[in-house]
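Hi,

Here is the model I promised to pass on.

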Amino acid sequence: MADASEGRLFRRIHHLRCRERDLSAAITSLPRQSASLKTRLEKAKAARADAGEQIKTRQVSHRAKESAIKASTAQIRKLSEQRDASSSQDDFNALEREIAHAKAHISTHEDEILALLDEIDGLTAKLPDLDSGIAKAESESSTFDKEMPQKSKDLQESLEAVRAELATRDAEIPQEHQSAYRRVVAGRGPDALASLDGASCSACGTQQTASDIGRIKRLSFATCTECGRILYLTEKDEKELS
Ligand SMILES: [Zn+2]
């Protein structure tokens, strides 16, 4: 490989190494995405079950209060008969107080029933949304799982193509730069390379020497004086120079 195109080679290698990292991450994330969609479905089902439970609890409470009203009404009837048949003023007054007490009970229960019915209405109104939430989560989860094998296969194929090209490009690196390249790649992975940004390393921001900038602009091998990354010229900068 001629010295004058090393810059282009390292630019391509950087692209391939970043792509390799991204594709690997995408493949690893597939099962995680599937699990997270299943969790969302379970949460949607739990929310629906919880709303159903809350409605049921209020319905039970509603029925209990209606029974209590019925009992109080019967008690008032009985007390009224006793009061009408009472012979002393004291008995009459005592029964009147008991009747008033029972009526107050009924009134409290009636208010509570109205509040319960309001709550039941509010909860019932939310059910269609909760149901469609389940349907949506179910369809997203099953669609994802259905498409996952193909997605995984496509990503795997792209990854293999990237790795094949990377092996070819790696072999094109001139012998004298191989060990420097291997060392920095072993330490930094895809971040072993960086473009020149103006006069500085785009990764660490350190300004480069005039001689190194000259080398980079001539597409020759150069490393950042600070972080050791292999520096290259961006495609845009190369076009502007030519
Ligand atoms: Zn640097």
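**What covers H2**

Let me start with helix H2: what covers its buried residues includes helix H1 (6-85). Helices here are DSSP runs of H or I with at least four residues, strands are runs of E with at least two, and both are numbered from the N terminus. The buried residues in H2 are Ala 102, Ser 141 and Val 162. By buried I mean 20 or more other C-beta atoms within 10 Å of the residue's own; exposed is 12 or fewer, partly exposed is in between, and C-beta atoms are placed from the backbone.

Two bits of housekeeping. Residues are numbered from 1 along each chain as its sequence is written. This is a predicted model, where local features need pLDDT of at least 70 and side-chain atom pairs count only at pLDDT 80 or more, while totals for chains, interfaces and linings use all residues.

H2 itself runs over residues 89-172, which is 84 residues. From first C-alpha to last it reaches 116 Å, close to the 124 Å expected (1.5 Å times one less than the number of residues). There is a bend of about 45 degrees at Met 148, with Pro 149 following within four residues; the bend is the angle between axes fitted to the seven residues ending at a position and the seven starting there.

Ile 134 also sits in H2. It counts as partly exposed because it has 19 C-beta neighbours inside 10 Å. Leaving out residues up to four places away in sequence, Ile 134 touches Ala 44, Lys 45 and Arg 48, a contact being two C-beta atoms, placed from the backbone, within 7 Å. Ile 134 and Ala 44 are 90 residues apart along the chain, yet their C-alpha atoms are separated by 5.3 Å.

Next comes H3, residues 175-188, whose 14 residues reach 20 Å, close to the 20 Å expected. The count of buried residues in H3 is zero. Just after H3, Gly 189 takes a positive phi of about 60 degrees.

As for the whole protein, there are five helices and three strands, in the order α-α-α-β-β-α-β-α along the sequence. The C-alpha atoms fill a box of roughly 125 × 40 × 30 Å along the principal axes. Of the 242 residues, 14% count as buried.

Cheers
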